[in-house]
Amino acid sequence: MGFKTDIEIAQECEMQPIQKIASKAGIDEKYLELYGNYKAKIDYKLLKESDAKNGKLVLVTAINPTPAGEGKTTTTVGLADAMQRLDKNTMVALREPSLGPVFGIKGGAAGGGYAQVVPMEDINLHFTGDFHAIGAANNLLAAMIDNHVYQGNELNIDTKNITWKRCVDMNDRQLRYIVDGLGGKANGEPREDGYDITVASEIMAALCLAEDLTDLKERLSRLVIGYTFGKMSEQKPVTAGDLHAEGAMCALLKDALKPNLVQTLEHTPAIVHGGPFANIAHGCNSVIATKMGLKLGDYCITEAGFGADLGAEKFLDIKCRKAGLKPNAVVLVATVRALKYNGGVSKNDLETENLDALKKGIPNLVKHVDNIKNVYHLPCVVAINAFPTDTKAELALIEEECRKIGVNAVLSEVWAKGGEGGLRLAEEVIRLCEEDNSGFAYAYDLDGSIEDKLNQIVQKIYGGRKVVFTSAAKKQVEQLERLGYGRYPICVAKTQYSLTDDQTRLGAPKDFEVTVRNLKICAGAGFIVALTGKIMTMPGLPKHPSAENIDVDENGKIVGLF
């Protein structure tokens, strides 16, 4: 049998009607809003009206990502299918993919092989329109800002200090820095501007952290869009509430706030909702989706974006803190290939056994395990996502090194075998969920200064020496603390490829500094974003984007999507 692509595997799946999946999850039809035969939205009222006991929460994260791939979503889906095979009532809670990576270099985010959520094409493309609603709400606010300025600027907004950007759900480097408002007074006031990708919009973060529609509207009203004229010490923040924009924005988002129900290839119920990037936002699916998964299943398997230093840190220090969540177990995904890459092997040589390079790369895995076990004090298992080129000696070395630090390493073959390939991992996760997680702690307290909190993250999570601020960032710290935002948690935006802010420094470096060049208050989301290194909020396309390989035939069948 020849090799099948992810989309071919997904298209061969005989999906069950979404009503049947909902029934399996215990969702009454009165909470279901159908989007065709295989997708539905779930009314968030279910959460308030359900008296079911919460299940166990399992977080799936990974080592720092590499071009070799780690397979976090694939592992998440396969693990849930494996637990279902063990007769455990299980729900999956994932993020929605962004069109930027789908048409860029990463591809989709519906899993892979025989561990996918379906309908894969819909999920990876327009799905139920959530991202479009978020983009529309974001850009409505932008339009209202510039209209307010045009109509007389009663709020005294400094047009050179407007921090709110328009957004589009596409990688487009041309839009990073623009000049708009050209063509005379009737067409606006000329100013330097720029776009973010939709997943980096604060509205995405606010929606993902909101508890309900009322909470979402309050968060939208707190969005800081810029500052008034004056010296920095005299400037006051201007909010969406000041512009009376929150009602109309919330009207655009009322359906987007409802989680989406789909299924895995093995018909495990899956909630896919929200999609912030973990390198430039908090990188977790919605609080509503996770809490719904906990109500509907004895186990809820969810993931956090990119490496554990980004996604898991923000899941634990921001999402869990805000939502009162406490994971019962953490799965840390790694691959032999990625660890060899961290050990200095080029991408083209990863299929050759290299125990020396593997040993040099393992400290990256060890650091992430140490964070989960000794910073957050949570039970942890390492899932080795299997590739055909892995050798017995390489797998044995990882298992041996993991034993030294008191954690089990389990081979996961879910890409090739689906749930059957994740049974050992599922058994270990079930065992860990019975362990004591009462020692769960955050990496930092909110009472410290902005600098204190950033130093805690750099020292405890990244293994560095300290944070340093550019002169502009120092002034922003002073302003944010003066305005009363100092007690907010920190959302660090940095490269996903390294524990440092330099993507070329692989493995587990020590004694390094992390430079913060810009800080931004996200009062609606409820955190401060600290931009480090060269991180950007609008990615670009690669030399040969995935879009070049995607097509649709005369029957509407999509090919080339992965």
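Biologist: Is C208 buried or exposed?
Modeller: C208 counts as buried, because its relative accessibility is 0%, where buried means under 20% relative accessible area, exposed over 50% and partly exposed in between, with a 1.4 Å probe and protein chains only. Keep in mind that this is a predicted model, in which local features need pLDDT of at least 70, side-chain atom pairs count only at pLDDT 80 or more, and totals for chains, interfaces and linings use all residues. Residues are numbered from 1 along each chain as its sequence is written, and side-chain values use heavy atoms, with hydrogens and water left out.

Biologist: And how many disulfides does the structure hold?
Modeller: There are 0 disulfides, a disulfide being a pair of cysteine sulfur atoms within 2.5 Å.

Biologist: Switching to helices, at what angle do α9 and α10 cross?
Modeller: The axes of α9 (residues 213-221) and α10 (residues 246-253) cross at roughly 135 degrees and come within 9 Å. The crossing of α9 past α10 is right-handed.

Biologist: Which residues make the contact?
Modeller: From α9 they are L213, L216, K217, L220 and S221, and from α10 they are E246, M249, C250 and L253, with contact meaning heavy atoms within 4.5 Å.

Notes. Axes fitted to C-alpha atoms, helices over the stretch in contact; angles between N-to-C directions. Helix = DSSP H or I, 4+ residues; strand = E, 2+ residues; numbered from the N terminus. Left-handed = near helix turned anticlockwise from the far one by under 90°.
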